[in-house]
Amino acid sequence: EFARADDGGLTLLDVIKKHEPTILIGVTTVGGLFNEEVIREMAARCEKPVIFPLSNPTVKAECTAEQAYEWTDGRCVFASGSPFDEVHMPDGRTFYPSQCN
């Protein structure tokens with residue numbers, strides 16, 4: 001069964017701590033839902049976290065490309081529902097966010 005009766009009322013952060021997902025798919029239109037604490041917690045438990053904030057427009061995206069790359073030290077696989085500019089990391093790496101909607 002897909003739904004879990006024992007997880008009612010858990011925050012997103014609590015779900016990540018309990019179930020250790022490797023992917024976050026955002027379709028909530030709640031801008032900023034994937035905050036720094038959530039993304040860093042996921043990245044601590046997953047070598048290459050997949051982060052897909054698909055909500056439109058950009059202000060309603062669950063996180064930005066810059067946030068996802070910064071908070072995972074550039075280890076994430078990122079694609080969004082809105083266009084984001086390239087991200088330049090302090091170590092010289094540049095990331096070019098993809099759209100996947």
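User: Which residues do ring pairs link into a cluster?

Analyst: Ring pairs link Tyr69, Phe78, Phe84 and Phe95 into a cluster. This is a predicted model, in which local features need pLDDT of at least 70 and side-chain atom pairs count only at pLDDT 80 or more, while totals for chains, interfaces and linings use all residues. Residues are numbered from 1 along each chain as its sequence is written, and side-chain values use heavy atoms, with hydrogens and water left out.

User: How many aromatic pairs does the structure hold, and why is the pair of tyrosine 69 and phenylalanine 95 described as it is?

Analyst: A pair of aromatic rings is described by the distance of the centres and the angle of the planes. Rings of Phe, Tyr and Trp (its six-membered ring) pair if their centres lie within 6.5 Å, and planes under 30 degrees apart count as stacked, over 60 as edge-to-face and the rest as tilted. The structure holds three aromatic pairs. In one of them, tyrosine 69 and phenylalanine 95 have ring centres 4.4 Å apart and planes at 10 degrees, so the pair is stacked. This pair links distant parts of the chain, 26 residues apart, with tyrosine 69 in helix 3 (residues 65-71) and phenylalanine 95 in strand 5 (residues 94-95); helices (H or I, at least four residues) and strands (E, at least two) are DSSP runs, numbered from the N terminus.

User: Are tyrosine 69 and phenylalanine 95 buried or exposed?

Analyst: Buried means under 20% relative accessible area, exposed over 50%, and partly exposed in between (1.4 Å probe, protein chains only). Tyrosine 69 is buried at 4%, and phenylalanine 95 is buried at 16%.
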